[in-house]
Amino acid sequence: MAEETKNTKEAKVEQKKAIVSLRDIIAKKKEVPQEKTATIYVPSLGGEIVVKTPSPDDLQEYDEVIVYQFSRTRDSETLKNITEKLVLRNVIAPNLKDPELIAALGCKTKPSAIVQEVFTPAEVVDIAAIIMKLAGRKRGEAVRLVDELKN
């Protein structure tokens, strides 16, 4: 019952939000994104890694691939490639781009393959989800309907 009351109160707060103004949009565009980091435990490594928020360019590239390529083709290779690229660019410790690591794991011809060598496929997906969450993105919450259309 208490949970129900809490959800009702949150819904009312959501309804009271104002329509976004042009000034709001302009101010939001001028904001400099705050870089955040998170420490993640990775079972296959038996230790922790550090990730950072992706750059606006990384986010835009990820969104474009997901929206314009993957959503049309449902090609799992496209999704795999962009997810691995996101992980490669945003894991900051250890440095996955280190030439010594790349050579030691035999990825000289394709440095991006380092992600496949270091992490399991499930870990790559989980790490990417945490990176996106750091950027303020939550799965399935891009936009939501506030009011149903009425005739």
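Tutor: Exposed means over 50% relative accessible area. Keep in mind that this is a predicted model.

Student: Is Pro56 buried or exposed?

Tutor: Pro56 has a relative accessible area of 52%, so this residue is exposed. Pro56 belongs to helix H3.

Student: How is the packing of two helices described?

Tutor: Two packed helices are described by the angle between their axes and by the distance between those axes. Here, helix H3 (residues 56-73) packs with helix H4 (residues 76-90) at an angle of about 175°, and the axes are 10 Å apart. H3 is therefore roughly antiparallel to H4. Among the residues that make the contact are Tyr62, Val65 and Phe70 of H3, and Leu79, Ile82 and Leu86 of H4.

Student: What lies in the loop between H3 and H4?

Tutor: Arg74 lies in that loop. Its phi is near 55°, a positive value in a residue other than glycine. With a relative accessible area of 59%, Arg74 is exposed.

Student: How should I read a salt bridge, and how many are found in the whole structure?

Tutor: Side chains of opposite charge can pair when their charged atoms come close. A search of the whole structure finds four salt bridges. One of them joins Asp58 to Arg89, with the closest N and O atoms 2.7 Å apart. This pair links distant parts of the chain, as Asp58 is in helix H3 and Arg89 is in helix H4, 31 residues apart. Asp58 is buried at 11% relative accessible area, whereas Arg89 is partly exposed at 29%.

Student: Which residue meets Lys85 in a salt bridge?

Tutor: Glu61 does, with an N to O distance of 2.7 Å. Lys85 is in helix H4 and Glu61 in helix H3, so this pair ties together parts 24 residues apart in sequence.

Student: What about Lys80 and Glu77?

Tutor: They form a salt bridge too, and their closest N and O atoms are 3.8 Å apart. Both are in helix H4, and because they are three residues apart, about one helical turn separates them. Salt bridges that share partners also join Asp58, Glu61, Lys85 and Arg89 into one network.

Student: Which residues make the nonpolar surface patch?

Tutor: Val20, Leu22, Ile25 and Ile26 make a patch of about 420 Å². Ile26 sits in helix H2 (residues 22-30) and is partly exposed, at 47% relative accessible area.

Student: Where is the cis peptide bond?

Tutor: The bond from Ala93 to Pro94 is cis, with omega near 0°. Pro94 is in the loop between strand S3 (91-93) and helix H5 (99-104).

How values were computed. Residues are numbered from 1 along each chain as its sequence is written. This is a predicted model: local features need pLDDT of at least 70, side-chain atom pairs count only at pLDDT 80 or more; totals for chains, interfaces and linings use all residues. Side-chain values use heavy atoms; hydrogens and water are left out. Patches are made of residues with over 30% relative accessible area and no salt bridge: like charges are joined within 9 Å, nonpolar side chains (Val, Leu, Ile, Met, Phe, Trp, Tyr) within 5 Å. Accessible areas come from the Shrake-Rupley method with a 1.4 Å probe; for residues, only the protein chains shown count as cover. A salt bridge is a side-chain nitrogen of Lys or Arg within 4 Å of a carboxyl oxygen of Asp or Glu. Helices (H or I, at least four residues) and strands (E, at least two) are DSSP runs, numbered from the N terminus. Buried means under 20% relative accessible area, exposed over 50%, partly exposed in between (1.4 Å probe, protein chains only). Axes are lines fitted to C-alpha atoms, for helices over the stretch in contact, and angles run from 0 to 180 degrees between N-to-C directions. Angles under 35 degrees count as roughly parallel, over 145 as roughly antiparallel, 65 to 115 as roughly perpendicular and the rest as oblique. Contact means heavy atoms within 4.5 Å.
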